[in-house]
Amino acid sequence: MSRQPEQLDAVKVKICGITSLMDARMAIEEGADYLGFVFANSPRMVTRSGATEIIGGLERESVSIVGVFKDQSIDDIVYIALECGLDLVQVHGDFSLAQLQEIRARSGRPLMLAVYPLPGQYEQGLALAADEAVDYILLDARGLPFDWRLAAEAKGLGKPVFLA
């Protein structure tokens, strides 16, 4: 695995939606700590073979590779994580605690859980994020304003928190 946060308070940058080797190299040159490859249905989606090619062309000492998934099967997530050599798995969507634990165990990769800081969704997401299967928390407000006190609450779980 590439580098991990040295401390919980350190600011780290993740550039998501990498679709070319040129973009990946530029993000690294500009100081990105994490590169996100979207495997979920999205305009920025990359194929497994495309991601493998890009990742294979990188100097990985200075960056961690993140696979972004949404409501995909556990088998697909694990296969892509292992096949592409991902450092971290980021999941969005409706996953149960048992499913998160299975993804973490079978992939052998740290798990980042997207938690939506919106009424009715935050509490459930934070409860899942508290489990030891989850290594990182991503607060994803989907471009909407939210109460920043929720970020402080998430940080209280003692895990690195990313804001999107």
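Buried means under 20% relative accessible area, exposed means over 50%, and partly exposed falls in between (1.4 Å probe, protein chains only). The model is predicted, so local features need pLDDT of at least 70 and side-chain atom pairs count only at pLDDT 80 or more, while totals for chains, interfaces and linings use all residues. Residues are numbered from 1 along each chain as its sequence is written, and side-chain values use heavy atoms, with hydrogens and water left out.

**Stop 1: salt bridges**

The term requires a side-chain nitrogen of Lys or Arg within 4 Å of a carboxyl oxygen of Asp or Glu. Asp 87 sits in the loop between α3 and β4 (88-92), and Arg 60 in the loop between α2 (48-56) and β3 (64-70), so the bridge ties together parts 27 residues apart in sequence. Helices (H or I, at least four residues) and strands (E, at least two) are DSSP runs, numbered from the N terminus. Arg 60 counts as partly exposed, at 23% relative accessibility.

How many salt bridges are there by this rule? The count comes to six.

Now select Asp 75 and Arg 106. Their closest N and O atoms are 2.8 Å apart, and they form a salt bridge. Asp 75 is in helix α3 and Arg 106 in helix α4 (residues 97-107), so the pair ties together parts 31 residues apart in sequence. Asp 75 is partly exposed at 48% relative accessibility. Arg 106 is partly exposed at 38%.

Move to Asp 71 and Lys 70. This salt bridge has its closest N and O atoms 3.7 Å apart. Asp 71 is partly exposed at 43% relative accessibility, and Lys 70 is partly exposed at 44%.

**Stop 2: the nonpolar cores**

Select Leu 35, Phe 37, Phe 39, Leu 86 and Val 91. These have the most contacts inside the largest nonpolar core, which has 43 residues. A nonpolar core is a set of buried Ala, Val, Leu, Ile, Met, Phe, Trp, Tyr and Cys residues joined through side-chain atoms within 4.5 Å. Helix α3 (residues 74-84) gives this core its largest share, six residues. Another core, of 13 residues, lies apart from it; Val 38, Ala 40, Val 66 and Ala 114 are among its members.

Centre on Val 91. Which residues does Val 91 touch, not counting those up to four places away in sequence? They are Phe 69, Ile 77, Leu 100, Ile 103, Leu 111, Met 112, Leu 113 and Ala 114. Contact means heavy atoms within 4.5 Å.

Next, pick Val 66 in strand β3. Val 66 is buried, with a relative accessible area of 0%. Leaving aside neighbours within four places in sequence, Val 66 is in contact with Lys 14, Tyr 34, Leu 35, Gly 36, Phe 37, Leu 86, Leu 88 and Gln 90. Draw a C-alpha to C-alpha distance from Val 66 to Asp 140: they are 16 Å apart in space and 74 residues apart in sequence.

**Stop 3: aromatic rings**

Select Tyr 34, Tyr 136 and Phe 162, which form one aromatic cluster. Rings of Phe, Tyr and Trp (its six-membered ring) pair if their centres lie within 6.5 Å; planes under 30 degrees apart count as stacked, over 60 as edge-to-face and the rest as tilted. The count by this rule comes to three aromatic pairs.

Look at Tyr 34 and Phe 162 together. Their ring centres are 5.2 Å apart and their planes lie at 80°, so the pair is edge-to-face. Tyr 34 is in strand β2 (residues 34-38) and Phe 162 in strand β7 (residues 161-163), so the pair ties together parts 128 residues apart in sequence. Buried or exposed? Tyr 34 and Phe 162 are buried.

Tyr 136 lies in strand β6 (residues 136-139) and Phe 162 in strand β7, so distant parts of the chain, 26 residues apart, are linked. Tyr 136 and Phe 162 are both buried.

**Stop 4: the surface**

Finish with Val 11, Val 13 and Ile 15. They make a nonpolar surface patch of about 260 Å². Patches are made of residues with over 30% relative accessible area and no salt bridge; like charges are joined within 9 Å and nonpolar side chains (Val, Leu, Ile, Met, Phe, Trp, Tyr) within 5 Å. Accessible areas come from the Shrake-Rupley method with a 1.4 Å probe, and for residues only the protein chains shown count as cover. Val 13 is found in the segment before β1 (14-16). Val 13 counts as partly exposed, at 38% relative accessibility.
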